[in-house]
Amino acid sequence: MTIDFSDPDEVHPIRDANGAPLRKTVFLRPAIDHSRIEVGAYTYASAFEPPEDWAARLAPYLFDFSPERLIIGKFCQIADGVTFITASANHRYDGISSYPFAIFGGGPLEGRPSMPGPGADTVIGHDVWIGQGATILPGARIGNGMIVGAGAVVAGEVPDYCILAGNPARIVQERFSKGMRQG
């Protein structure tokens, strides 16, 4: 018996017993149409209540006019409730107020004292499993083969093939010995 592997450009890759698409799980690359989000083949997300707009659910502060990007590799698995907080959610913290006065005052946003400068891209490697309710903070760089535990809050750069957990997230285990990772 041969089982065909799903087409990476199919939005709903899983079917129920009657052959109907299971709408709670999507391949993100064909499901997301957003100028600032790049997703590799076969990366999927699941949600108990699937949204109409997967981009807005996963990265609610990333707008078409945002300077940063969200880049997610191939073969990633994203559980329900995962949120990517991108740099456009930031507020200034180095002045008299953190309030973003410029967005309410009209005119260009660039160079206004109440607006933060552009932030770093958020980059997720290949074959990363992100557990339920995890939060990925602006500019995080998560290595290949990582596992991010449910509810973890991830910031900064994390090396390949580790398991993260907690708030703030910390490495709790390496998935493979260093010799196995250098192949």
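## A buried phenylalanine

F27 counts as buried, because its relative accessibility is 6% and the cut-off for burial is under 20%. The model in which this residue is described is a predicted one. F27 lies in strand 1, which covers residues 25–27.

When neighbours within four places in sequence are left aside, the contacts of F27 are S6, D7, P8, E10, V11, P13, Y42, T43 and Y44.

Five strands form an open sheet in the order 2-4-7-10-13, and their pairing is parallel. Its edges are strand 2 (37–39) and strand 13 (157–158), each of which pairs on one side only. Strands of a sheet pair through backbone hydrogen bonds, in either a parallel or an antiparallel manner.

Within this sheet, strand 7 (residues 122–124) runs parallel to strand 10 (residues 141–142), and two bridges join them. V123 has R141, in strand 10, as its bridge partner.

## A nonpolar surface patch

On the surface, a nonpolar patch is formed by Y99, F101, I103 and F104. Together these residues have about 460 Å² of accessible area.

Among them, Y99 is located in the loop between strand 6 (83–84) and strand 7. Y99 is classed as partly exposed because its relative accessible area is 41%, a value to be set against the limits of 20% and 50% for this class.

Note on methods:
Residues numbered from 1 in each chain as written. Predicted model: local features only at pLDDT ≥ 70, side-chain atom pairs only at ≥ 80, totals over all residues. Heavy atoms only, no water. Helix = DSSP H or I, 4+ residues; strand = E, 2+ residues; numbered from the N terminus. Buried < 20%, exposed > 50% of the residue type's maximum accessible area, 1.4 Å probe, protein only. Contact = heavy atoms within 4.5 Å. Pairing = 2+ DSSP bridges. Patch = residues over 30% accessible without salt bridge, like charges linked within 9 Å, V, L, I, M, F, W, Y side chains within 5 Å. Areas by Shrake-Rupley, 256 points an atom, 1.4 Å probe, with all protein chains shown as cover. Salt bridge = Lys/Arg side-chain N within 4 Å of Asp/Glu carboxyl O.
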